[in-house]
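Subject: Structure for your files

Hello,

The structure is pasted below, and my notes on it follow.

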Amino acid sequence: MSLVVSDKAAFQHILRVQNTNVDGRVNIVYALTAIKGVGRRFSNLVCKKADVDIRKRAGELTNDELERVVTIMQNPLQYNIPKWFLNRQKDARDGKYGQTIANGLENKYREDLERLKKIRVHRGLRHSLGVRVRGQHTKTTGRR
């Protein structure tokens, strides 16, 4: 199936969303999954909350629709997205619920590892030693 564009001036081949390049030729639901911290189900829900046609390509979105999608991704609780749907539940630092995406996700992950190392728990020690953390066998595998 070829891509037929009605208005070539309005179509964008690459969108810049949340410091990530998003392919404009892909369906909007799947295109948003290029952003770290956004999966298929979350992007589908965001598009429905933003009243964006999920059959559209990402490059066909208007600036207004794109802004609505971005604001809902940044503040999902204000748009009645349930707490259990978010990827950052009961944050260890402040106890809040939220969706962490793009660069914020990498920062939070690094902070979590530093916290584990600082309080000297088993997982933190394994991370600092650079060995397997989740109970895998290490006698014969993972040698380097």
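How many salt bridges does a search of the whole structure find? The search finds nine, where a salt bridge is a side-chain nitrogen of Lys or Arg within 4 Å of a carboxyl oxygen of Asp or Glu. Please note that this is a predicted model, in which local features need pLDDT of at least 70 and side-chain atom pairs count only at pLDDT 80 or more, while totals for chains, interfaces and linings use all residues. Residues are numbered from 1 along each chain as its sequence is written, and side-chain values use heavy atoms, with hydrogens and water left out.

Salt bridges

Arg88 pairs with Asp91, with 2.6 Å between the closest N and O atoms. Both residues are buried (under 20% relative accessible area; exposed is over 50%, partly exposed in between; 1.4 Å probe, protein chains only). Arg88 counts as buried because its relative accessibility is 16%. Arg88 also forms a salt bridge with Asp112, and here the closest N and O atoms are 2.8 Å apart. Arg88 sits in the loop between α3 (63-74) and α4 (103-118) and Asp112 in helix α4, so this pair ties together parts that are 24 residues apart in sequence. Helices here are DSSP runs (H or I, at least four residues), numbered from the N terminus. A network of salt bridges links Arg88, Asp91, Lys108 and Asp112.

Another of the salt bridges joins Arg55 to Asp53, at 3.3 Å between the closest N and O atoms. Arg55 is exposed, at 69% relative accessibility, and Asp53 is partly exposed, at 33%.

Helix α2

Helix α2 covers residues 40-49, and Phe42, Ser43, Val46 and Cys47 are buried in it. These four lie on the same side of α2, because they cover an arc of only 135 degrees around the axis (taken from the directions from the helix axis to the C-beta atoms). Arg40, Arg41 and Lys48 are exposed on the other side of α2.

Positive patch

Arg93, Arg115, Lys118, Arg123 and Arg134 form a positive surface patch. Patch members have over 30% relative accessible area and no salt bridge, with like charges joined within 9 Å; Lys and Arg count as positive, and the charge is placed at NZ of Lys or CZ of Arg. Accessible areas come from the Shrake-Rupley method with a 1.4 Å probe.

Regards

How values were computed. Patch = residues over 30% accessible without salt bridge, like charges linked within 9 Å, V, L, I, M, F, W, Y side chains within 5 Å. Helix = DSSP H or I, 4+ residues; strand = E, 2+ residues; numbered from the N terminus.
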